[in-house]
Amino acid sequence: MTPIAYIVLGFAGLGIVIGLIWRMSSRRYTLPCPSWLGWMVELDNPFTKANRARVIIGYLGLAPAMKVLDAGCGPGRLTLPAAEAVGPQGEVLAMDIQEGMLARVREKVQSACLQNVECLQAGLGDGRLPRTYFDRALLVTVLGEIPDQVSALKEIHDALKPGGILSVTEVIFDPHFQRRESVLRAADKAGFKEGSFFGRQLAYTLHLKKPAEAGPLLPRVDAGP
Ligand SMILES: C[S@@+](CC[C@H](N)C(=O)[O-])C[C@H]1O[C@@H](n2cnc3c(N)ncnc32)[C@H](O)[C@@H]1O
């Protein structure tokens, strides 16, 4: 092997080790994908169609005037196509735990002259989302970064209208990849019913449905006195 091959293999190995440590630590600690890596998140992966923004939005059947939550929106890769799909009468709430990611969303929203996007800096599970408000929610390569996945899913459940759909996308290239079975287990505890499945085991979008008769799961968090 040439020295270059050793260097490339060394970097690849180091990347895998860092990815594994990050993945394991995320089960206990909140360690989101840092905003300085936002440029990487914004790229549509050339190896899988499953994670392309237009494909995910296409599955969701968005219509004008719908209200959409983009939970863990990152730099807004899906926020903008969602905002275009629901039109000026619709709304998109771009939510992320990191202000650095939301700053990028605001920049993009401004240059696209969109008026129907709001940003919320909050962590899923913090109880900051409105109740029974959204028609659709997106959770694209986010779930594995959240230590308490059931609480996060319960908050999205309560934020959706009865009959609303949460679209979860997972791809194996993400160090926090979640298998379909594991997503379904957490979703079941959060009151969702399994819906349509698109793609393959290692790169997929899974729709989870809030039953039409479902009531709230979480106690209301009241703002102080
Ligand atoms: C890999 S990025 C995916 C971004 C975007 N969904 C996409 O596919 O382009 C994961 C994002 O989830 C956010 N995140 C992680 N934990 C979160 C939490 N508890 N609540 C809200 N956002 C969170 C991170 O800050 C990061 O921006």
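This is a predicted model: local features need pLDDT of at least 70, side-chain atom pairs count only at pLDDT 80 or more; totals for chains, interfaces and linings use all residues.
Trainee: Is strand S1 largely enclosed or open?

Mentor: A residue is buried with 20 or more other C-beta atoms within 10 Å of its own, exposed with 12 or fewer, and partly exposed in between, with C-beta atoms placed from the backbone. On one side of S1, Lys 67, Leu 69 and Ala 71 are buried, and on the other Val 68 and Asp 70 are too. That makes five of five residues in S1 (67-71) buried, so the strand is largely enclosed.

Trainee: Which residue of S2 is the bridge partner of Leu 69?

Mentor: S1 runs parallel to strand S2 (residues 91-96), joined by five bridges; strands count as paired if DSSP finds at least two bridges between them. For Leu 69, the partner in S2 is Leu 93.

Trainee: Which residues have the most contacts inside the largest nonpolar core, and what does Ile 156 touch?

Mentor: A nonpolar core is a set of buried Ala, Val, Leu, Ile, Met, Phe, Trp, Tyr and Cys residues joined through C-beta atoms within 7 Å. The largest one here has 53 residues, and those with the most contacts inside it are Leu 69, Ala 82, Ala 137, Leu 139 and Ile 156. Two residues are in contact if their C-beta atoms, placed from the backbone, lie within 7 Å. Leaving aside neighbours within four places in sequence, Ile 156 is in contact with Leu 69, Ala 71, Leu 124, Ala 137, Leu 139 and Leu 166.

Trainee: Why do the buried residues of H7 sit on the same side?

Mentor: In helix H7 (180-189), the residues Val 183, Ala 186 and Ala 187 are buried. They lie on the same side of H7 because they cover an arc (taken over the directions from the helix axis to the C-beta atoms) of only 100°.

Trainee: Is Thr 141 buried or exposed?

Mentor: Thr 141 sits in the loop between strand S4 (134-140) and H6. Its phi is near 50°, a positive value in a residue other than glycine. With 23 other C-beta atoms within 10 Å, Thr 141 is buried.

Trainee: What about Ala 65, which has a positive phi too?

Mentor: Ala 65 is in the loop between helix H3 (53-59) and S1, and its phi is about 80°. There are 13 other C-beta atoms within 10 Å, which makes Ala 65 partly exposed.

Trainee: How many residues does the hairpin between S6 and S7 go through?

Mentor: Strand S6 (residues 193-200) runs antiparallel to S7, with six bridges joining them. Phe 198, for one, has Thr 205 as its bridge partner in S7. The hairpin that joins S6 to S7 goes through two residues.

Conventions: Residues are numbered from 1 along each chain as its sequence is written. Helices (H or I, at least four residues) and strands (E, at least two) are DSSP runs, numbered from the N terminus.
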